[in-house]
Amino acid sequence: MKYLSAALLSLSGVVSAATTTLAAPSTTLQTSVASRAAAPTNKINVSASANFASTSGTKFNVDGETKYLAGTNSYWVSFLNNNDDVEKALDTLVNSGLKILRIWGFNDVTSQPGSGNVYFQHLSAGGSTINTGANGLQRLDYVVAAAEIRGLKLIINFVNNWDDYGGISAYVKAFGGSKTSWYTNTAAQAQYRKYVQAVVSRYANSPAIFAWELANEPRCNGCSTDVIYNWAASTSAYVKSLDPNHMVTLGDEGMGLPGDGSYPYQYGEGTDFVKNLGIKTLDFGTFHMYPDHWGTHYNWGNGWIEAHGKACVAAGKPCMLEEYGTTTNHCQNEGPWQKTALATSGMASDLFWQLGVQLSNGPTHDDGFTVYDGTSDWTCLVTNHVAAIK
């Protein structure tokens, strides 16, 4: 989701401040986190490979089963300082039957934050550093370890097209150019790949990884669609060279494909969904859906789902409705989309935006799209949806 206000994020309480006390992890989690911090490796544990998620035609195979999968998004879980809160969020998923959680694997800064604030990478033309400390990638370690124990699957994203948590703009500030030239900026791409290598090497053995994701909603406004296509082909091949056993996906909004000619179907944002699906080192297609922000109507979303399913059938790859939501009448507006996704050939999964839970310092951020555990919206969009899948 692109429209996150930095002010709202800080007010929400889920991005913990320096004064937050770290809760003691369980022995199993503590061992797992410590081992990753001490010796991250990209060597694959072959015996664990049977537990890795994979594709099976236009569906996903997870834990030996090929079926439709439901999940959600949480941009904030990677930045929680309180381990108990991480576990509570993931337990909510386990109890609900949701299987996939998409999270931010990036948190870029261009100036050193205050002590205790979580960040993953400091970008600077004079020398960038990747933070592997307790307020850095060890927070992500904890999420991955906690997901492993619970049998959950994570999609981990490497960079944001938008400015929240640094994103492409942070690279531009450090290395120059613009958001559109970022895809071909040699210095920026070299550091991006260093960061990708650092993250992938920590979790290449983990059955908790569902897929690596190149970017959140990559766009190149006004560019030839070759720019993102070439970048995605080269970068996904690089990720596969680091970790051939996990899936890789682009993370795009699915813009640019045959349809009714409305804004999302057009190619002006530099993406061609059908062409990108043809990249051999991308395992499945992603698309997002926000009629509130795209100048369309709620019923329009059903055709958007069907158009992507058709493209995925033609490509022989699964389609994931990776983000979707509305700011009003969640059940009334989003329920039909879930039914359409379940009924559409080529569709393999949907992940609503976004997870809402009560943590130790209050509710997680409500951006208007959030669906909170224990509400009537949760019943219709999670409980009933999971039951329909079963």
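Where is the place of glutamine 354? Glutamine 354 sits in the loop between β14 (347-352) and β15 (355-356). The model is predicted.

**Backbone exceptions**

Most peptide bonds are trans, and most residues other than glycine have a negative phi.

The peptide bond from tryptophan 353 to glutamine 354 is cis. Its omega is near -5°. As noted, glutamine 354 belongs to the loop that runs between β14 and β15.

Aspartate 63 is not a glycine, yet its phi is positive, about 55°. This residue lies in the loop between β2 (59-62) and β3 (65-67). Aspartate 63 has a relative accessible area of 41%. Buried would require under 20% and exposed over 50%, so a residue between these limits is partly exposed. Aspartate 63 is therefore partly exposed.

Asparagine 329 also has a positive phi, about 45°, and is not a glycine. Its loop connects β13 (319-324) with α11 (330-343). At 48% relative accessibility, asparagine 329 counts as partly exposed.

**Disulfides**

A disulfide is a covalent bond between the sulfur atoms of two cysteines. How many disulfides does the structure hold? It holds three. With the bonded cysteines numbered in sequence order, the pairing reads 1-2, 3-4, 5-6.

| Pair | S to S distance | Angle about S-S | Handedness |
|---|---|---|---|
| cysteine 220 and cysteine 223 | 2.0 Å | -60° | left-handed |
| cysteine 312 and cysteine 319 | 2.1 Å | 70° | right-handed |
| cysteine 331 and cysteine 380 | 1.7 Å | -80° | left-handed |

Which parts of the chain does the pair of cysteine 331 and cysteine 380 link? The two cysteines lie in distant parts, 49 residues apart. Cysteine 331 is in helix α11, and cysteine 380 is in helix α12 (residues 376-389).

Are cysteine 331 and cysteine 380 buried or partly exposed? Cysteine 331 has a relative accessible area of 26%, so it is partly exposed. Cysteine 380, at 22%, is likewise partly exposed.

Cysteine 220 is buried, with a relative accessible area of 0%. Its disulfide partner is cysteine 223. Cysteine 312 is buried at 0% relative accessibility. Cysteine 319, its partner, is also buried, with a relative accessible area of 0%.

Terms used: Residues numbered from 1 in each chain as written. Predicted model: local features only at pLDDT ≥ 70, side-chain atom pairs only at ≥ 80, totals over all residues. Heavy atoms only, no water. Helix = DSSP H or I, 4+ residues; strand = E, 2+ residues; numbered from the N terminus. Buried < 20%, exposed > 50% of the residue type's maximum accessible area, 1.4 Å probe, protein only. Disulfide = S-S within 2.5 Å.
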